[in-house]
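Dear colleague,

I am handing over the structure we spoke about, with the sequence alongside. Please have a look at it first, and then read my notes below.

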Amino acid sequence: MTQPLIAVLDYGIGNLSSAQKALVRSGADARLTRDPGLARDAAGVVLPGVGAFGACMDALRAAQLEDVVYESVASQRPFMGICVGMQMLFTSSVESPGVAGLDVIHGTVELIEGNVRRPQMQWNELHIENEDPLFKALPKTPWVYFVHSYSAVPKDSSVVVATCAYGQNLTAVVRQKNVVATQFHPEKSAKDGLKLLHNFVSACS
Amino acid sequence: MEVARVIPCLDVTNGRVVKGVNFVDLRDAGDPVELAARYDLQGADELVFLDITASSDNRNTMIHVVERTAAEVFIPFTVGGGIRALEDARGILRAGADKVSVNTSAVERPQLINEIAAEFGVQCVVCAVDAKRTADGSGWEVFLHGGRTPTGKNALEWITEAVQRGAGEILLTSMDRDGTREGFDIELTRAVCDSVGVPVIASGGVGSLQHLVDGVVQGHASGVLAASIFHFGEHTIAEAKALMSAQGVVVRPV
């Protein structure tokens, strides 16, 4: 099998290399890049993210990668957002009032409510609400690693394909056509996470 | 649903794991990456590497360990020891660590917590606190340098301040229990867990699997850290989780 070229967008924040390394382990020729040309040539694009929503949006815009995201989404090639990379796809976040999100998926990102510790920094069980190619060959209830204090609330709830229970039911995975996004870190979720990334890589082939 | 984490801790110096790690049929027990991969396979939820020499010469060696681990091990890991400045944190995180743990430098210059949190997010910042019961028994004091240096700081007050400054997690070690194998200081653990809203990892004193259960059930800890009971092959992560689960603690199945 040839290894599909996957562009992991590098806009200089935190630990982005883990996603790239896990994609390589999952069969991709994954490269950390801020080169729009390489992103255009790639079979799939991944937008990772850690830290605060506003800081990530600012960094993404400063790296001039915002248009690359829009182009990739519009091209119908597989696109994946991870953690804050998922949150940035939404309209806005209460974490950073006044900062516009990418608005690829309509909805907001809200503080996790309830009598629970924040951040949710733990493994949790995924509840699959709608079958998706991303979950192929995964156990019925996969275990994955979350780190977040805020959680996406899509306007159209039918984009939610998996949730997790933490104080309330939180959005864990969304799917909108070629765009898929996970609140958890598949690159840090051991075998279930690697399998999920492998499914994404397969969709890029 | 809160899910308790089981976290082995590896002490590293000059790129090798020390404090005698003795795993059955492991070819090279001193290689941190090999040990980390073993714990990943066993079902550990996270790992902590503690760079116990942390001289500046050693810094590049640790970065190399972090890079190799990130390419081989796909569970979260924290690196602590010798992170004195934002630059140190940046190097470790860019190499592939998920979190950095600060201890002495944060006590000496608390602003360091704000700086790392502002740049990388609160989820990257673990504040490690070594606490010892005061002579009059009224509370706990923060100690530095492995329990040798008293600071005069009240542990609960310092932890509250660290969280306000942006620590996303507390790694709490009882210096009274560390190395004793008598179990966590439950009173200390519970006092801290009940006073902050961020996750707290209990550490210091684990000698049996029951101690791990007690840390969560009685101490209210979000995670439990242990070294020797796992390193010497006395117990596996699976055994730990089986006992925790049997006593009602929710854990990720192995």
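N124(A) is buried, with a relative accessible area of 0%, where buried stands for under 20%, exposed for over 50% and partly exposed for the range in between (1.4 Å probe, protein chains only). This residue belongs to strand β7 of chain A; helices (H or I, at least four residues) and strands (E, at least two) are DSSP runs, numbered from the N terminus. The side chain of N124(A) comes to 3.0 Å from the backbone oxygen of A165(A). Leaving aside residues up to four places away in sequence, N124(A) touches residues of both chains, including W143(A), F146(A), C164(A), M1(B) and V3(B), with contact taken as heavy atoms within 4.5 Å.

Please keep in mind that this is a predicted model, in which local features need pLDDT of at least 70 and side-chain atom pairs count only at pLDDT 80 or more, while totals for chains, interfaces and linings use all residues. Residues are numbered from 1 along each chain as its sequence is written, chains are lettered from A and ligands numbered from 1 in the order in which they are written, and side-chain values use heavy atoms, with hydrogens and water left out.

Turning to the interface, 33 residues of chain A are in contact with 39 residues of chain B. The area buried between the two chains is about 2,900 Å², with carbon and sulfur atoms giving 53% of it; buried area here is the accessible area (1.4 Å probe) that two parts lose on being put together, summed over both. On the side of chain A, R117(A), M121(A) and W123(A) lose the most area to chain B, and together they account for 26% of what that side buries.

There are 2 salt bridges between chain A and chain B, a salt bridge being a side-chain nitrogen of Lys or Arg within 4 Å of a carboxyl oxygen of Asp or Glu. K188(A) forms a salt bridge with D98(B), in which the closest N and O atoms are 2.9 Å apart. Among the elements of chain A that each supply at least two residues to the side touching chain B are β7 (120-125), β9 (143-148) and α6 (190-204).

Because F146(A) lies in strand β9 and F184(A) in the loop between β13 (179-182) and α6 of chain A, the pair ties together parts that are 38 residues apart in sequence. Both F146(A) and F184(A) are buried.

Most residues other than glycine have a negative phi, and most peptide bonds are trans. R118(A) and P119(A) are joined by a cis peptide bond, with omega about -5°, and P119(A) sits in the loop between β6 (107-111) and β7 of chain A. Q64(A), which is not a glycine, has a positive phi near 55°; this residue is in the loop between α3 (53-62) and α4 (66-74) of chain A and counts as exposed at 64% relative accessibility.

With best wishes

Conventions:
Polar contact = N/O pair within 3.5 Å; in protein donor to acceptor, adjacent residues only side chain to side chain.
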